[in-house]
Amino acid sequence: MTESITFLSQTRPNCELSACGLTLNISRQRLTCVQYENLLQKAKDCGLIDKQRQMVDGDVVNVSEKRQALHTSLRSEDINSPHYEEVNQTRERMYALARAVREGQWLGASGKKITDVINIGIGGSEMGPHAVYHALRDVNPSIRLHFLSAVDGILADRILSVLDPETTLTVVSSKSFSTRETMLNAELVNEWYAKAGIVGKEKRAKHVFLVSAKENACELMDLPEQNRFPIWSWVGGRFSVWGAIGLPLVIALGPEVFSAFLHGAYEMDRHMLSAEPEQNLPLTLALLSYWNSTELQMQSHCLLPYDERLRLVVAWLQQLEMESLGKSERPDGSVITSRTGQAVWGGFGNEAQHSFYQWLRDGSGRTSIDLVWCEEAGHRHAHHHLVLNANAQAQAQALVTRQTPSAEFFNAVSTICIKKLTPETLGAFMALYEHKTTMLATLYGLNAFDQPAVEYGKRLCRELEAKLAS
Ligand code: F6P
């Protein structure tokens, strides 16, 4: 283990790589240059980029469910990408609806302008849109988004009690259209509309839209066919923010912002497929995570954004990595005995300094950390930004520096500097972590696109609900 106490910067002169407005610094990772070169060789040996290309080209990479995993097609600008036409058609429909709502041509059933949108959905049908809205929303948005996720009446009451059904549009997002939480919340919101006199297909069609892969979803909710925006079996829920699951975002932020978000992600896809391994951001993150988990036995990974706008990206990443990599069996059923995906957690770095940094700095655990900041501020309070970034950069060092000499070895830190947080760089940032995740699945030999254990929990809950109700 002694060797791995070394910082990469002690044996490798260049530890910084940049793409798509993001600069990754890996100088505080714990490995030698030789160990790093071996990792790069491993990436070549296991065809890491080739596997990614197979995914992008539409091979059936989700072998347990016999599906493609084509989230990259949702943002592709290449007319030869799989499903290009249907993706574009759906996106045009989303943009048309969003423009009509934003420009006041699409009105509620009683003729009032829409001011609020409720997203009913959970997991991948909530976390991506929520994180993006939090990052890109105006201080005082003209159309506000609300997220009704858990099946907790408190949440529903808090949202519904401050909204006017006549000026509120609801998007029920569920790929399966069977998630209990979402269905129950949709029933509640339907009742809320009914109490306001918004009943019958024609009036409800002005207020309720569905995003689902289930073709008869509209029939089930007594809505006209055109009120459904499709998502497809070939996109995993946690990878789905780029398609119709993003509909509430398009309405609240506008098609131009959403397009720029997709463009940034597409640029990261191109970088991932074409950059040399030494310069490849997602590949580097994946290799270091693999090293930290399997060699250094770091069981958890902590994401510490120093920017309010990135606060909810932590929860999004948690689902992305932990549902994708929280497995210990290969697709052929054989058991993996070494470590696989890390537990992902974190929080807004500046707040976390006054909360869990003590544990990070002085506890007995070892954690791999990504610390993120934005070079340019998203506001006009220059000194606030200076202090925030001074904290970020100081902590990047403090988190690998022990004051007590007794225990020398601890955290490994990477930093990511975002030049300026824009829809493009946010898209690139989120796509970066998606590719990190799918590359890790290749390194571990896992299928990143199923979640069998979660399905089991849902089944048990259904049985218990029936029992309790009777
Ligand atoms: O509970 C797990 C899960 O299946 C996630 O993978 C998914 O994002 C979420 O539930 C919501 O699923 P759906 O979009 O089908 O409602």
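Are α13 and α17 roughly parallel or roughly antiparallel to each other? Here are a few notes on that pair and what follows it; bear in mind that this is a predicted model.

1. Start with the angle. The axes of α13 (residues 313–325) and α17 cross at roughly 20° and come within 10 Å. Angles under 35 degrees count as roughly parallel, so that is the answer for α13 and α17. As for handedness, α13 makes a right-handed crossing as it passes α17.

2. Now look at who meets whom. On the α13 side you'll find Val313, Trp316, Leu317, Leu320, Glu321, Ser324 and Leu325. Their partners in α17 include Phe429, Met430, Tyr433, Leu440 and Tyr444. Sorted by type, the residues of this contact come out as eleven nonpolar, two polar and three charged.

3. α17 itself is worth a look. This helix has 22 residues and reaches 32 Å from first C-alpha to last, close to the 32 Å expected at 1.5 Å a residue. It is also mostly covered, with 20 of its 22 residues buried.

4. What happens just after α17? There, glycine 445 takes a positive phi of about 80°.

5. Last stop: glutamine 451, in the loop between α17 (423–444) and α18 (452–469). Buried means under 20% relative accessible area; glutamine 451 has 18%, so this residue is buried. Leaving aside residues up to four places away in sequence, glutamine 451 touches Arg238 and Glu323.

Methods. Residues are numbered from 1 along each chain as its sequence is written. This is a predicted model: local features need pLDDT of at least 70, side-chain atom pairs count only at pLDDT 80 or more; totals for chains, interfaces and linings use all residues. Side-chain values use heavy atoms; hydrogens and water are left out. Helices (H or I, at least four residues) and strands (E, at least two) are DSSP runs, numbered from the N terminus. Buried means under 20% relative accessible area, exposed over 50%, partly exposed in between (1.4 Å probe, protein chains only). Contact means heavy atoms within 4.5 Å. Axes are lines fitted to C-alpha atoms, for helices over the stretch in contact, and angles run from 0 to 180 degrees between N-to-C directions. Angles under 35 degrees count as roughly parallel, over 145 as roughly antiparallel, 65 to 115 as roughly perpendicular and the rest as oblique. A crossing is left-handed if the near helix is turned anticlockwise from the far one by less than a right angle, and right-handed if clockwise. Ala, Val, Leu, Ile, Met, Phe, Trp, Tyr, Cys and Pro count as nonpolar, Asp, Glu, Lys and Arg as charged, and the others, Gly among them, as polar. The expected span of a helix is 1.5 Å times one less than its number of residues.
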